[in-house]
Amino acid sequence: MADPSKPLMLSSRFAPLFWCQFFSAFNDNLLKTSIAFLILFRIHAGASVDGANGDALITLAGAIFIAPYFFLSALGGQIADRYDKAIVAQRLKLVEIAVAGLAVVGFVAHSLVILYVALFGFGVIGSLFGPIKYGILPDHLQRRELPAGNALVEGATFIAILLGTIVAGFVQKGGGHPVVFSTLVTSFALLCWISALFIPK
């Protein structure tokens with residue numbers, strides 16, 4: 001086992017999980033907010049939807065992302081109990097790269113259907129990964145380290161949510177260029193998977 005005296009953020013027992021969760025939460029919110037901006041400033045501006053429908057479509061995006069958490073979180077817990085959590089995390093984050101690619105296609109094509117499918121995919125991955133990120137902490141951290149570990153994971157999640165939302169705003173302010181969006185979404189999906197590869201089994 002790694003040196004327990006090393007700070008958690010510098011420890012191989014914890015840091016890979018921290019960054020995996022951070023990159024994942026960032027990407028989730030980058031995609032959700034980008035969809036909202038796409039509806040408001042692109043599709044709406046093109047008179048494809050009126051204001052009421054635009055609001056409904058944005059609400060639908062949130063519902064599509066959250067829905068898998070209601071139905072799949074329990075399954076995620078069972079998977080986390082049955083299989084090696086690190087391996088499951090690595091496979092989920094590998095699939096996330098493909099889902100990010102689908103989001104890129106939807107953004108370039110201005111296709112809400114494809115973007116919604118990608119958003120649902122992110123929700124599915126997030127709902128299955130949630131029990132893993134908390135269930136794996138007792139496997140690698142000492143009891144006295146668990147409060148700090150949980151606090152860091154939660155803090156990373158909220159900071160990533162905020163940053164993902166802000167960055168999506170900057171992308172839209174810069175014209176919402178597909179290359180910028182594509183680079184961000186795929187890069188952070190790759191970083192998430194790479195981080196997962198270092199989570200100890």
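Reply: Start with the residue classes. Ala, Val, Leu, Ile, Met, Phe, Trp, Tyr, Cys and Pro count as nonpolar, Asp, Glu, Lys and Arg as charged, and the others, Gly among them, as polar. The model is predicted, so local features need pLDDT of at least 70 and side-chain atom pairs pLDDT 80 or more, while totals for chains, interfaces and linings use all residues. Residues are numbered from 1 along each chain as its sequence is written, and side-chain values use heavy atoms, without hydrogens or water.

The part to look at is helix 7, residues 178–197. (Helices are DSSP runs of H or I with at least four residues, numbered from the N terminus.)

Its partner here is helix 3, residues 85–109. The two axes come within 8 Å and cross at roughly 175°. Helix 3 is therefore roughly antiparallel to helix 7. (Axes are lines fitted to C-alpha atoms over the stretch in contact, with angles from 0 to 180 degrees between N-to-C directions; over 145 degrees counts as roughly antiparallel.)

Helix 3 brings Ala 89, Gln 90, Lys 93, Leu 94, Glu 96, Ile 97, Ala 100, Ala 103, Val 104, Phe 107 and Val 108 to the contact. Helix 7 answers with Pro 178, Phe 181, Ser 182, Val 185, Thr 186, Ala 189, Leu 190, Cys 192, Trp 193, Ala 196 and Leu 197. (Contact means heavy atoms within 4.5 Å.) By class, this contact has 17 nonpolar, three polar and two charged residues. Lys 93 and Glu 96 of helix 3 are charged members of the contact.

Now walk along helix 7. Val 179 lies in this helix. Val 179 is exposed because its relative accessibility is 52%. (Buried means under 20% relative accessible area, exposed over 50%, partly exposed in between, with a 1.4 Å probe and protein chains only.) Next comes Val 180, also in helix 7. Val 180 has a relative accessible area of 40%, so it is partly exposed.

Further along the helix is Ile 194. At 38% relative accessibility, Ile 194 is partly exposed. Then comes Ser 195, again in helix 7. With a relative accessible area of 11%, Ser 195 is buried. Leaving out residues up to four places away in sequence, Ser 195 touches Pro 16, Trp 19, Cys 20 and Phe 23.

Ile 194 and Lys 93 are 101 residues apart along the chain, with C-alpha atoms separated by 8.6 Å. Val 180 and Phe 70 are 110 residues apart in sequence and 32 Å apart in space, C-alpha to C-alpha. Val 179 and Lys 133 are 46 residues apart along the chain, and their C-alpha atoms are separated by 31 Å.

Helix 1 gives the largest share, six residues. The lining divides into six nonpolar, six polar and three charged residues. (On a 1 Å grid over protein atoms alone, a pocket is an open set of points with protein on both sides within 12 Å along at least five of seven lines; a cavity is a set where a 1.4 Å probe fits but cannot get out; lining residues have an atom within 4 Å of a point. Points are joined across faces, edges and corners, and volume is the space filled by probe spheres set on them.)

There are two cavities of 30 Å³ or more.

Ser 34, Phe 37, Leu 38, Phe 107, Ala 168, Val 171 and Gln 172 line it. Helix 1 and helix 6 each supply two or more of these residues. Five are nonpolar, two polar and none charged. Phe 107 also takes part in the contact with helix 7.

One last stop is the loop between helix 3 and helix 4, where His 110 is found. Its phi is near 55°, a positive value in a residue other than glycine. His 110 is partly exposed, at a relative accessible area of 35%.

Note on methods. Angles under 35 degrees count as roughly parallel, over 145 as roughly antiparallel, 65 to 115 as roughly perpendicular and the rest as oblique.
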